[in-house]
Amino acid sequence: MSFASSTLRRVAPAAPRVARSLHTSTPTLGGAHDPAYVHAKNMYDIQSMPNRTAKWAVAFVASLSFGFGVPVIAVMHQQKKASG
């Protein structure tokens, strides 16, 4: 038996037993027979959304410009670095 293990064996019983547990802020989802997430009554009723056309148009233009803009800016940056 090594010195470290014999020392640990003598010290370990003298240490107080502490019960520790990990607590997170995750909410308890569902219940006995409930689903994990309960949707609101009309959560995805897109037809009754106010200003639906404008909101979807803005979302479409934003995603399109982001999808094309990022690669264009990346190529411009690479070409500027490569030129000197």
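Begin by selecting α2, residues 52-83, a helix (a DSSP run of H or I with at least four residues, numbered from the N terminus) of 32 residues that reaches 46 Å from its first C-alpha to its last, close to the 46 Å expected at 1.5 Å a residue, where the expected span is 1.5 Å times one less than the number of residues. The model is a predicted one, in which local features need pLDDT of at least 70 and side-chain atom pairs count only at pLDDT 80 or more, while totals for chains, interfaces and linings use all residues. Residues are numbered from 1 along each chain as its sequence is written, and side-chain values use heavy atoms, with hydrogens and water left out.

At the end of α2, select G84, which follows the helix and has a positive phi near 135°.

Now return to V61, which lies in α2 and counts as exposed because its relative accessibility is 52% (exposed means over 50%, buried under 20%, partly exposed in between, with a 1.4 Å probe and protein chains only).

Then move to the loop between α1 (3-11) and α2, where N51 is found; this residue has a positive phi of about 55° although it is not a glycine, and N51 is exposed, with a relative accessible area of 59%.

Finally, show the whole protein, which has two helices and zero strands, and in which 0% of the 84 residues count as buried.
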